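Reader: I would like to go through this model one feature at a time. Please give the general idea before each case.

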Amino acid sequence: MASQVASPSASLHTTSSSTTLSTPALSPSSPSQLSPDDLELLAKLEEQNRLLETDSKSLKSVNGSRRNSGSSLVSSSSASSNLSHLEEDSWILWGRIVNEWEDVRKKKEKQVKELVRKGIPHHFRAIVWQLLCSAQSMPIKDQYSELLKMTSPCEKLIRRDIARTYPEHNFFKEKDSLGQEVLFNVMKAYSLVDREVGYCQGSAFIVGLLLMQMPEEEAFCVFVKLMQDYRLRELFKPSMAELGLCMYQFECMIQEHLPELFIHFQSQSFHTSMYASSWFLTIFLTTFPLPIATRIFDIFMSEGLEIVFRVGLALLQMNQAELMQLDMEGMLQHFQKVIPHQFDGGPDKLIQAAYQVKYNSKKMKKLEKEYTTIKTKEMEEQVEIKRLRTENRLLKQRIETLEKHKCSSNYNEDFVLQLEKELVQARLNEAESQCALKEMQDKVLDLEKRNNSFPDENNIARLQEELIAVKLREAEAIMGLKELRQQVRDLEEHWQRHLARTTGRWKDPPKKNAVNELQDELMTIRLREAETQAEIREIKQRMMEMETQNQINSNHLRRAEQEVISLREKVQYLSVQNKGLLTQLSEAKRKQAEIECKNKEEVMAVRLREADSIAAVAELQQHIAELEIQKEEGKLQGQLNKSDSNQYIRELKDQIAELNHEQSTSAQVPKGQRGFSGNPPLMESTLSTI
């Protein structure tokens with residue numbers, strides 16, 4: 001925690017001037033403008049810097065590293081003066097996260113993961129790493145100084161590999177420098193804590209990265225946590241069983257996501273361990289430059305080995321086209337020289353591609369179970385082979401003993417009883433072997449019946465790809481079977497030679513003949529037992545093949561069922577879509593019918609208005625005719641004088657104007673308009689006559 005304000009390459013080597021970092025680094029404003037949380041964080045940073053000043057080793061590392069390369073170590077205060085506004089916000093945000101770590105980790109775990117994927121600020125990297133792995137308060141830290149006083153059996157190995165760890169880095173490159181010394185201390189202390197693992201070469205790179213960020217005691221605590229909680233201890237065990245599991249899981253991911261590249265690797269005998277083992281053992285620290293590897297290590301501290309699988313598969317996806325054109329040596333050169341420098345511009349593109357890889361945790365658990373089953377079977381086969389070899393060796397020793405007894409003619413009752421006991425035990429073993437053989441045969445018949453019920457597949461190429469792993473196991477089993485058969489033949493030849501040598505010696509006493517018969521029967525049962533064991537192994541092999549074929553057929557059936565389900569879902573979707581279209585069609589037809597009804601109603605209304613207009617015109621014509629009749633009657637009878645005539649004419653004009661107005665308002669239909677337009681001349685002529 002003392003190095004939470006140090007740079008990535010020199011956090012261990014912070015000078016006394018770094019105490020000025022706490023206030024200006026987090027914000028260029030005055031302390032009075034900071035929140036109480038920020039002030040508390042500043043107090044913590046100042047306290048840690050004060051403790052760091054008292055660490056003589058850290059001060060010594062500062063002086064030594066500055067003599068080596070002054071440009072690689074920049075003081076915290078000068079770095080803080082060049083921070084951009086974005087970096088200032090990041091500093092304040094991470095400061096609050098560190099200050100309220102317990103609440104943030106519980107309530108906002110996803111947000112913390114997203115921030116870690118974007119990169120931890122280098123000044124906060126040490127304390128955040130300790131918080132991520134819960135190494136900030138470990139009791140073992142108090143034992144560190146005592147462990148350094150002890151002697152480790154791995155010291156020579158550690159000394160030999162120290163110079164190979166980060167040989168270009170200023171802190172480690174000089175022989176017997178402070179960097180090499182603290183690296184040796186941490187590796188030695190862990191080899192004493194975990195004697196089963198002791199020391200493994202790849203672990204020094206992880207410890208070296210930790211020492212670039214924090215003092216050695218804290219680096220030791222973080223490394224212990226990584227070994228215990230991040231699967232690294234299983235990776236670094238002498239058997240490296242966890243590394244084999246990782247290789248198996250990664251190879252299955254390649255086969256699933258990049259089948260063409262997987263086939264190319266198989267054709268070139270380019271095994272996964274030839275290029276990917278260092279990825280898992282050093283978390284890409286020996287593959288990429290430190291800035292990129294450190295970003296990946298940030299995510300590893302947060303999410304574990306999942307990021308190694310993701311980044312590894314992303315690298316293969318991005319380089320698939322180039323790798324497909326290369327042979328085994330060319331691919332090795334590509335992994336060693338080309339890939340490490342593809343992301344010198346920054347790791348963001350690689351990390352983005354890594355999180356586009358499909359990673360299924362449940363499937364990885366299933367692959368782990370499969371790998372465990374395979375290894376268990378291999379161990380059982382090895383135990384069985386050792387047992388048969390031991391029995392063969394004992395049988396040879398017994399034959400030699402029998403020959404010696406025959407030569408010396410020292411047959412006694414105890415020896416006969418011993419032979420009888422061995423004969424009874426051999427018969428029991430033979431009976432058990434026969435029962436096991438019968439069970440195996442029944443199981444093989446059952447598997448054959450089940451396999452016959454499965455449909456044949458036409459895609460032979462895909463079946464061959466799925467059987468590659470089975471063929472490898474089959475070849476190993478066949479070799480073991482051949483070895484057993486050869487041993488049986490050797491035993492038979494040895495027994496025949498023994499019989500040929502001892503044919504003339506079986507005629508003496510009856511007691512000797514009984515012993516010889518027991519020996520013959522014992523040898524025969526031994527041979528039959530060996531043959532039965534060979535048959536059992538052969539039937540096991542056939543059963544394994546049947547189970548594999550059964551699994552393949554089951555996989556094909558499952559795929560066919562998935563395709564049928566997919567097709568049914570598609571049909572259902574199309575049916576729903578068809579129903580929607582039919583509903584839209586019926587709605588459109590209904591709207592069209594409504595529009596047609598409205599049109600018919602409008603046509604009827606127009607026709608009604610036309611009939612009304614014709615009736616109104618007819619009434620006007622009748623009225624005009626009556627007026628003309630009245631005019632003629634007025635002329636003949638002389639009832640009107642001139643003044644009355646003028647008044648009468650004005651009244652007629654008013655009536656004609658009103659009639660014309662009514663005609664104009666009612667003449668909306670062309671026919672009615674035409675019928676009415678022929679009348680005004682008649683009225684005007686009548687008016688002029690009057």
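Author: Start with burial: a residue counts as buried when its relative accessible area is under 20%. Note also that this is a predicted model.

Reader: Is Trp279 buried or exposed?

Author: Trp279 has a relative accessible area of 2%, so it is buried. Trp279 belongs to helix α17, which spans residues 273-282.

Reader: Which residues is Trp279 in contact with, leaving aside its neighbours within four places in sequence?

Author: Those residues are Phe250, Phe284, Thr287, Val308, Gly312, Leu315 and Phe335.

Reader: How are two packed helices described?

Author: By the angle between their axes and by the distance between those axes. Take helix α15 (residues 241-257) and helix α19 (residues 306-318): their axes cross at roughly 40° and come within 11 Å.

Reader: How are α15 and α19 oriented to each other?

Author: Angles under 35 degrees count as roughly parallel, and 65 to 115 as roughly perpendicular. The angle here is roughly 40°, and α15 and α19 are therefore oblique to each other. Their crossing is right-handed.

Reader: Which residues make the contact of α15 and α19?

Author: From α15 come Cys246, Gln249, Phe250, Met253, Ile254 and His257, and from α19 come Phe309, Gly312, Leu313 and Leu316. By class, seven of the contact residues are nonpolar, three are polar and none is charged. Phe250 and Gly312 take part in this contact, and both are also in contact with Trp279.

Reader: What are the angle and the axis distance for α10 and α11?

Author: Helix α10 (residues 155-162) and helix α11 (residues 178-193) pack at an angle of about 145°, and their axes are 10 Å apart. The crossing of α10 and α11 is right-handed. On the α10 side the contact is made by Glu155, Ile158, Arg159 and Ile162. On the α11 side it is made by Gln180, Glu181, Leu183, Phe184, Met187, Lys188 and Ser191. The contact of α10 with α11 comprises five nonpolar, two polar and four charged residues.

Reader: What is a disulfide, and how many disulfides does the structure hold?

Author: A disulfide is a covalent bond between the sulfur atoms of two cysteines. The structure holds zero disulfides.

Reader: Are Cys154 and Cys200 buried or exposed?

Author: Cys154 counts as buried because its relative accessibility is 13%. Cys200 is buried too, with a relative accessible area of 13%.

Notes: Residues are numbered from 1 along each chain as its sequence is written. This is a predicted model: local features need pLDDT of at least 70, side-chain atom pairs count only at pLDDT 80 or more; totals for chains, interfaces and linings use all residues. Side-chain values use heavy atoms; hydrogens and water are left out. Axes are lines fitted to C-alpha atoms, for helices over the stretch in contact, and angles run from 0 to 180 degrees between N-to-C directions. Helices (H or I, at least four residues) and strands (E, at least two) are DSSP runs, numbered from the N terminus. A crossing is left-handed if the near helix is turned anticlockwise from the far one by less than a right angle, and right-handed if clockwise. Contact means heavy atoms within 4.5 Å. Ala, Val, Leu, Ile, Met, Phe, Trp, Tyr, Cys and Pro count as nonpolar, Asp, Glu, Lys and Arg as charged, and the others, Gly among them, as polar. Angles under 35 degrees count as roughly parallel, over 145 as roughly antiparallel, 65 to 115 as roughly perpendicular and the rest as oblique. A disulfide is a pair of cysteine sulfur atoms within 2.5 Å. Buried means under 20% relative accessible area, exposed over 50%, partly exposed in between (1.4 Å probe, protein chains only).
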